[in-house]
Each structure stands twice: as C-alpha cells, then as structure tokens.
Amino acid sequence: MNENYTVIHPEDIDKQYTTLNLGPTHPATHGIFQNVLTMDGEKVIDSEQTIGYIHRAFEKIAEHRPYYQITPLTDRLNYCSSPINNIGYQLTVEKLLGIKTNKRIDYMRVIIMELARIADHLVCNSVIGVDTGALTGFVYIFQEREFIYEIYEEMCGARLTTNIGRIGGFERDFSPKVIEKIREFIKRFEKALIEFENLLLRNRIFMDRTIKVGPISAERAISYGFTGPNLRAAGVDYDVRVFSPYCSYEDFDFIIPVGTHGDTYDRFCVRQTEMWESLKIIKAALENLPEGKHLVDDPYVVLPEKEKVYSKMEALIYHFKIVMGEIDAPKGEVYHSVEGGNGELGFYLVSEGERSPFRLHFRRPCFIYYQAYPEMIRGGMLSDAIITMSSMNVIAGELDC
Amino acid sequence: MTNEEVLKKFQERFATVETTAGEPYGMLTLEVDSAYIHDAIAWFRDTMNFNFLTDLCGIHYPDKGKALGVIYHMHNLQDNFRIRLKTFVPVENPHVPTVTDLFSSANWMERETYDFFGIIFDSHPNLKRILNVDYLDYYPMRKEYPLEDPTREDKVDSYFGR
C-alpha cells in the first residue's frame, strides 16, 4: 500500500456535537425541569438532568406541623391526582394511630381515588397525543377532567389542591348531588373515552410515532425502581392495590394491564386500560356503597360536631386539643404505600410521640423513575425524547417535593 | 416467607455481625453496622430475591451517638414481602457505602440523602446536590437547622403593616 495514502475511518472524524437545553421552562417538558442534551444533529447522544426548580422542602415543613396540617402539603406532590396523595397520607397516619375505618369510608375513598386516577391518566394520555400532533383528543377529553373536578368541588369545595378527607374518614358524607354527579360521570365518560380511543389507539400516525419509542426492559425498569403504569408497560404486574391492598381494594374485581416492550405505546395502552378498570371499580363501589358513617368514632382524632363544641364542655376540649395538634401519637415508625397515578406513592413516617412527625419521607415515584430518562432516550431522535417524557408522566411537583 | 424465617436466615449468614431486629407495625426491621450494610443488601438481593429497592432515605437523631441514619426499604416482588434495613453513622464521619452498583434507582435517592443530611456515599458515581442549589453550605434536614432562616428580612412585620 502506498505509504502516503491514509485511510479515514468514520469514527476518526472529529464530530461536532451541539448542546441543547430542553427546559427548564419549555412547553414540552410539562413542568419545570431541565435536560441538557448533547445532540448529534437530530440524535440524542447524552443528557444531563437538573431538577429541583420547585423544591419546597415539604419534608422539613412536615416536621413542624401537626398531623392534620400535613394533608395540604401532599396536595402539591402530584397535583394531577391530589386526592390519592391526601388519602395515602391519611391512611399512613391511621396506620400509626391504629384506626380502623368502616367499609363505607373505604368505598368512598376508593371512588374518590379512582376518579383521581382517571383524571391523572387522562392528562398523561391526552398530552401524549398533543406531543405527537393531535390536539383534538386533548381538548375534548379535558371536559371530562373538568367534570371530575366538579365532583371534587361538590365533595370538598376545592378543585386542584383538594385537601380532601380527614384522618379517620371524610369531613362530610356523599351528598345526593355527589352521587348523582358520579352517576352522570360514569355515563358520559364511557362515551368520551371510546371517542378518545378511536382517535388515537389504532391511529396509523400515532402508532408509528409511539411504537418502539423510549423502550425499557423489565429488568432495567425494576432496577430503576419503576412502579405504576410505567413498570406495568414493561411487563411486570406489580400494583400496590393488589399486592398490599388498602381501603378494601380486595373487594373489587379488576385486572392489571401489562405491556410487553415498555415503550411509549405500551405506556399509553396500559393507562388507557387502567381507566376502564377504574371506571369498573367506581361502578362497583357506588352500587355496593355500604351504609355507615363517613367518619370513625374516635374523639381523640376526629373533630366533634360544631353544635356540640358550642354547647358541650367535653366536645370543646377535644376540639381544642385536635386543632392544637395534641393527639396522642404513639412512638413508632410506619411505611404505607398507595398506588398513585404514577406508581407506588409511599409515606415513611417516624413518630417520637410528639405533636408533629419526627421524620416524614415521601417516596415519590416520579423522582425515582425519572433518573432512567437519559438511558431511555439515548440514540433516539429529539422528537422521540419529547414523547418519551410525556408518556412517563413526570410531574414536577412530585419530582421535587 | 415470614419475619422469623428471614431473620433466622439473616442471622445464620451474618452470625458475627451485631444486628438489632424489630417488627414495628409488622415490618421486619434490621439495624446493621455500616461496614456490613452493603453486604447485607447484596445478600438480600441475590440470595433472598429482594430485587426491588423501594425507598432509601436519611434520618437525623441529634441525641444519639451515631446520629445520622440511612433507611432502606426493600421488596421481594415474587413473595410480596417487605423489609426495612437501617444503618447509623456518626456526624463527624458520615460514610456509608453506596448501593448504586446493586440498584440503579439508588443513584438519585442517595444524592437526595447527601443533599439533605450530608451523608457521604462512598464510591457513588456522581455524588452532588440534587434538589438544593450547589452553593448551599449546610445540610438543611439536620435537626439543628430551623424551618426558616431566622435572619431573613423579607418577612418582617413592617412589610405587612403590622
């Protein structure tokens, strides 16, 4: 070979990579967090994540608040499904205090939590549509989410940050109006969801854009601590509602949908099927709603009725003690988890017998599984990275806590 | 799988290691010395099939000799069994081995624990602050720090007409 001849291997060519900031305030991130992408043209080579933009020190605040004042903090974790966070926290405190709730409270909680799950999945799935270019489904389906918010409003007066329920049950019973609204929701939501499915589920463009995009294997997903729909899309049938039932979930018959590839389309389908299952659970719970009281009968933790506070000495004392946070919490540590919109939402509560927790740690599913994002988008296109992110349903409030 | 069985197997394997066991609210809780915590977690993962690290967080007991703690929640998905492991280290020398080699999910959880409690996870690939700003010079979840900075001036009464 001629000595002057040099062979140029493609890998020897000095490549120029571009650095691209995806976020912190980019509409495609659906929240405030930053990804610094290293790009080779349209291809994502690597990504570095920065989070913490809306960190509000909830764990520190919780150490300085009486137990009943922590529920509003949990609202702001995954604000797409605040009632699940509220009730999950209340269940944790009830476990610590040893309170057993009756079936009516359980069923009411199940109804509210499943409504919240539907609202959460609706946002996620319709936004996957938006990010692939289909705004129509999003606009239509948001009316149903709006209707769920009206049910919350009827129930507790708030819509987004609900602060629904109390330790030991609910602040008020289902009014006839609430029951009527839930029945109406079941009727209209079925129709709307079928319409939404017809728009996207077998849509050629949507399938081409989402199948085999951002996949993750079951082994990697477990190692990364995935839970919820994202783990189930990878083919692992782990659901807290079945593995460690709370709130009488064992009374209900529902399936856990699983995917095979763990890609964006599978995550979409799992959420879609879960909405149908949630609807089934709501129907069953509403039909079999047992008689009973909406609050447990425990004067140490449940506020007495207002008329009694004004007229009876004992009720006044209990009222005062509860409002001042003087409930006799035992020493101990308890971990309780519920199936949130995004996966296992855990509460690790350490009590030293004082009026506020000694330590309260939130296991936020988003925070744990979002660290897999660079691995999932590596080697893919930028536009695929965007829909992978929206299909993971990363909620900034839950990410940062 | 019951708490007794798991505890017995653990004590057989780690006979020389001093451990404290308890069952608060039904969950088997083991306190292991920080020198053995990595071995214990690896053993639980590989031998006992606890292949899911549910949670990792820190805790601070200012009155204890070994004040800083790391708490691991592990889950055996096959048998649906959960355990809790704890390890404590002194504030002056808060070194705990990392478990990122066993679980990818530990990466950010350990960074969060470092960020808030200043626990240093040895041989962690990227141990830096995650939720707080990089230039923060203290570990805010430690008990000696109050909820609000007492020197801040944007909340004084004069701003609110009081």
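Two exercises on a predicted model follow, each with a worked solution.

Residues are numbered from 1 along each chain as its sequence is written, and chains are lettered from A and ligands numbered from 1 in the order in which they are written. In this predicted model, local features need pLDDT of at least 70 and side-chain atom pairs count only at pLDDT 80 or more, while totals for chains, interfaces and linings use all residues.

**Exercise 1.** Describe how domain 1 and domain 2 of chain A meet.

Step 1. The domain assignment, which is automatic or from a database, gives domain 1 as 10–49 and domain 2 as 56–400 in chain A.

Step 2. Their C-alpha centres lie 32 Å apart.

Step 3. In chain A, 13 residues of domain 1 are in contact with 18 residues of domain 2 (C-beta atoms, placed from the backbone, within 7 Å).

Step 4. On the domain 1 side, strand S3 (residues 43–50) of chain A gives the most, with five residues. Strands (E, at least two residues) and helices (H or I, at least four) are DSSP runs numbered from the N terminus.

**Exercise 2.** Find which side of helix H2 (residues 37–46) of chain B is buried, and what its buried residues pack against.

Step 1. Check confidence: the mean pLDDT (the predictor's confidence in each residue, from 0 to 100) of chain B is 91, and 100% of its residues reach 70 or more.

Step 2. The buried residues of H2(B) are B:Ile37, B:Ala40, B:Ile41 and B:Phe44 (buried: 20 or more other C-beta atoms within 10 Å of the residue's own, all placed from the backbone).

Step 3. They lie on the same side of H2(B) because they cover an arc of only 95 degrees around the axis, taken from the directions from the helix axis to the C-beta atoms.

Step 4. These buried residues pack against strands S2 (28–32), S4 (68–76), S5 (81–89) and S6 (95–97) of chain B.

Note on methods
Contact = placed C-beta atoms within 7 Å. Buried ≥ 20, exposed ≤ 12 C-beta atoms within 10 Å, placed from the backbone.
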